[in-house]
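Subject: Structure for your review

Dear colleague,

Please find the structure below, together with its sequence. My notes on the helix packing follow it.

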Amino acid sequence: MSKQTARDFSMFVLRVVLGVIFIAHGAQKLFGMFGGIGIEGTTKMMEGLGFAYPHVSAIVWSGIEFIGGVFLVFGVMARYAASLVAIVMLVSIWKINLAYGFFIENGGFEYNLLIIGACVPLVCIGGGSWSVWDI
């Protein structure tokens, strides 16, 4: 396997795995799928976290997760989708997980940090040549 093929395959796998994860998380928050809380529950969560305009915040947050996930799976503007997902994870660390420390079993930010780390190559390199539209 050539270096270019290995790079494209690696970016493809990274995009699809991250994309599927965020489609599922976004679907939980937007539509209540997979045992999720739906947009009403997400709005209440945003209100509890002190966000101004909690309903708008819930739609934006959930939309970034869901649509960003779809964009990652297909490789549509992967750099931008990964950037937005990483920003959502940074805000999540700041507003939710930081108070609980590092480890996920205590509610910490370990998972969020892993997602941010996985987004970095996509932001720096892009989605690879196996993308639908990588700019």
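Is the crossing of H2 and H3 left-handed or right-handed? In this predicted model, the two helices cross in a right-handed sense. The axis of H2 (residues 38-48) comes within 8 Å of that of H3 (residues 54-74), at a crossing angle of roughly 115°. H2 is therefore roughly perpendicular to H3.

On the H2 side, the contact involves Ile 39, Thr 42, Thr 43, Met 46 and Glu 47. Their partners in H3 are Pro 54, His 55, Ser 57, Ala 58, Ile 59, Trp 61 and Ser 62. Sorted by class, this contact contains six nonpolar, five polar and one charged residues.

H3 also packs with H1. The axes of H1 and H3 come within 7 Å and cross at roughly 150°. Because angles over 145 degrees count as roughly antiparallel, H1 is described as roughly antiparallel to H3. The crossing of this pair is left-handed, and its contact comprises 14 nonpolar, six polar and three charged residues.

Finally, I would draw your attention to H4 (residues 78-97). Its buried residues are Ala 78, Ala 81, Ala 82, Val 85, Ala 86, Val 88, Met 89, Ser 92, Ile 93 and Asn 97. Viewed down the axis of H4, these residues fall within an arc of 160°, so they line one face of the helix. They pack against H1 (3-31), H3 and H5 (110-125).

Yours sincerely,

A colleague

Definitions and conventions
Residues are numbered from 1 along each chain as its sequence is written. This is a predicted model: local features need pLDDT of at least 70, side-chain atom pairs count only at pLDDT 80 or more; totals for chains, interfaces and linings use all residues. Side-chain values use heavy atoms; hydrogens and water are left out. Axes are lines fitted to C-alpha atoms, for helices over the stretch in contact, and angles run from 0 to 180 degrees between N-to-C directions. Helices (H or I, at least four residues) and strands (E, at least two) are DSSP runs, numbered from the N terminus. Angles under 35 degrees count as roughly parallel, over 145 as roughly antiparallel, 65 to 115 as roughly perpendicular and the rest as oblique. A crossing is left-handed if the near helix is turned anticlockwise from the far one by less than a right angle, and right-handed if clockwise. Contact means heavy atoms within 4.5 Å. Ala, Val, Leu, Ile, Met, Phe, Trp, Tyr, Cys and Pro count as nonpolar, Asp, Glu, Lys and Arg as charged, and the others, Gly among them, as polar. Buried means under 20% relative accessible area, exposed over 50%, partly exposed in between (1.4 Å probe, protein chains only). The arc is that of the directions from the helix axis to the C-beta atoms.
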